[in-house]
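Please look over the model below before reading on. The points after it are meant for someone who has not seen this structure before.

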Amino acid sequence: MTNNIIIFLHLMAAAVAIGSMVFSVILLLPSMEKIPIQKNSEEHSHPYKLVELLAPTVFTSLLILIGTGIYYLLENYTGQMGLKPGYYNLFGMKLICVVVAFFLSLYQTFNLRAGIANLDLSPENRGLVPKTIQQIKKTTILILIVFSLAVFFGIWLARF
Ligand code: HEM
């Protein structure tokens, strides 16, 4: 039962992260970019609100994935004696994807997003908003690619 709950949380976190990235950056943002942003109201624009929520959502989901992934390994460590050769090669490939996603998401949340946070306190950063939104869009596409690879390796691992 514990395994089912851990994998349920693992999969839900992956679904929330990938779902938010696909919806925000592939579906919603391109259609919102056609609406011009009014000067001095950048923090009230839809793209701003979107990336403001997206970056921490992906980062939190990633933390849940790392936590549940490690917990799953700890719960099942006795069963890992009988794993087929090659399991840890796949696991290593998956972890490379996770590490890349982690650092990109960290950069997005605590560097890019933080740079345009609290615009009422630092109005001089208003000019950075359009460029930062584009940078968050580009890093999200990279995160989406490595995340999808991690899902693929995860599914492969579970059936190895
Ligand atoms: C981007 C982050 C991650 C994604 C998207 C992801 C996704 C997945 C998916 C889709 C599965 C398949 C579940 C199934 O079909 O039953 C899985 C399984 C698994 N994941 Fe992750 N995962 C991530 C991070 C991690 C991390 C950081 C760890 C461990 C440190 C981890 C450990 C595992 C383990 C042990 C399994 C089960 C493999 C088995 O049943 O033998 N995952 N993951």
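Predicted model: local features only at pLDDT ≥ 70, side-chain atom pairs only at ≥ 80, totals over all residues.

1. Leaving aside residues up to four places away in sequence, Ser105 touches Ala55, Val58, Phe59, Leu62 and Ile143.

2. Helix H3 (residues 87-115) also holds Lys94. The NZ atom of Lys94 and the NE2 atom of His10 coordinate the iron atom of the ligand, at 1.7 to 2.0 Å. His10 belongs to helix H1 (residues 2-32), and the two residues are 84 residues apart, so that the pair links distant parts of the chain.

3. What is the arrangement of the 6 donor atoms around the iron atom of the ligand? It is octahedral, because the donor atoms subtend angles of 83 to 178°. For comparison, the ideal angles for six octahedral donors are 90 or 180 degrees.

4. Are the two coordinating residues, His10 and Lys94, buried or exposed? His10 has a relative accessible area of 15% and is buried. Lys94 is also counted as buried, at 13% relative accessibility.

5. There are 24 residues around the ligand, and those that come nearest are His10, Tyr72, Tyr87, Lys94 and Arg159. An N or O atom in the side chain of His10 is 2.7 Å from a nitrogen atom of the ligand.

Key
Residues numbered from 1 in each chain as written. Heavy atoms only, no water. Donors = N, O, S within 2.8 Å, 3.2 Å for Na, K, Ca; no water. Tetrahedral: all angles 85-135°; square planar, octahedral: opposite > 155°, others 65-115°. Helix = DSSP H or I, 4+ residues; strand = E, 2+ residues; numbered from the N terminus. Buried < 20%, exposed > 50% of the residue type's maximum accessible area, 1.4 Å probe, protein only. Contact = heavy atoms within 4.5 Å. Near = heavy atom within 4 Å. Polar contact = N/O pair within 3.5 Å; in protein donor to acceptor, adjacent residues only side chain to side chain.
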